[in-house]
Amino acid sequence: VSADLRGEPLVYMKAGKLSGCGIRVIIVDTPPKLTNTKEVAVWDFSFNLNVRSMFVMTKAMLPKMIAAGGGTILNMASVLGAQKAAPNRLAYAASKAAVVGFTRALAIDHVKQNIRVNCVCPGTVDTPSLGDRINAFADPEQARKDFVARQPMGRLATAEEIAETFVYLVSDEASFMTGQAIFVDGGMSL
């Protein structure tokens, strides 16, 4: 199910539709936004999109998970903010750092209820959203080279590589993991 999770009424409507589905996993992801401004409106947008949406979705689904005897919550953070900074990404990086803090706090609050909470911190992922960002540059070819150059592995991640991390985190092999920020960043955090 995909939805804009910034508004609480919409989240509760979506959560109500999901409640009978046996949902035991929540994955909250937000698309990155590129901005070089430090305006309050951009700050608010980033925190609403990247942090408030996770809080609202979790608030809606957590009682159902507790009633079901547990579950797994996975959040999407980023290497930016969680471990590293990048120019002109103030609001994005700060909001993604907040996701890591939110993940850890939620994990400790609900570990005794058999709810595991982790987040994934990717580096640059080759997605349609990144393509849009790259195409917004005056020289898209150079912009793509610059994005690749900041990855020590010399390439961008694929969405499938990031998805595999989520698959692992919901598996029995990760049943003893909670409160962790997992970096899948091609060495960016080194």
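What you see is a predicted model, in which local features need pLDDT of at least 70 and side-chain atom pairs count only at pLDDT 80 or more, while totals for chains, interfaces and linings use all residues. Residues are numbered from 1 along each chain as its sequence is written, and side-chain values use heavy atoms, with hydrogens and water left out.

Helix α2 covers residues 40–67 and helix α4 residues 90–110, and their axes come within 8 Å and cross at roughly 20 degrees. Axes here are lines fitted to C-alpha atoms, for helices over the stretch in contact, with angles running from 0 to 180 degrees between N-to-C directions; helices (H or I, at least four residues) and strands (E, at least two) are DSSP runs numbered from the N terminus. The two helices are therefore roughly parallel to each other, a label given to angles under 35 degrees, whereas over 145 is roughly antiparallel, 65 to 115 roughly perpendicular, and the rest oblique.

By class, the contact of α2 with α4 has 16 nonpolar, five polar and one charged residues. Contact means heavy atoms within 4.5 Å, and as for the classes, Ala, Val, Leu, Ile, Met, Phe, Trp, Tyr, Cys and Pro count as nonpolar, Asp, Glu, Lys and Arg as charged, and the others, Gly among them, as polar.

Ser46 lies in helix α2 and is buried, with a relative accessible area of 6%, where buried means under 20%, exposed over 50% and partly exposed in between, using a 1.4 Å probe and protein chains only. Leaving aside residues up to four places away in sequence, Ser46 touches Val51, Ala91, Tyr92 and Ser95. Leu49, also placed in helix α2, counts as buried at 11% relative accessibility, and its C-alpha atom is separated by 9.7 Å from that of Tyr92, 43 residues apart along the chain.

How do α5 and α6 pack? Helix α5, residues 128–135, and helix α6, residues 140–149, pack at an angle of about 125 degrees with their axes 8 Å apart, and they are therefore oblique to each other. From α5, Leu130, Arg133, Ile134 and Asn135 meet Pro140, Ala143, Arg144 and Phe147 of α6, and these contact residues divide into five nonpolar, one polar and two charged.

Turning to the cysteines, how many disulfides does the structure hold? There are zero, a disulfide being a pair of cysteine sulfur atoms within 2.5 Å. Cys119 is in no disulfide, and the nearest cysteine sulfur, that of Cys121, is 4.3 Å away, which is too far for a bond. Cys119 is buried at a relative accessible area of 1%, and Cys121 is buried at 0%.

Finally, two loop residues have positive phi values. Asn88, found in the loop between α3 (79–82) and α4, has a positive phi of about 60 degrees although it is not a glycine, and at 43% relative accessibility it counts as partly exposed. Asn114, in the loop between α4 and β3 (115–122), has a phi near 65 degrees, again positive in a residue other than glycine, and at 48% relative accessibility Asn114 counts as partly exposed.
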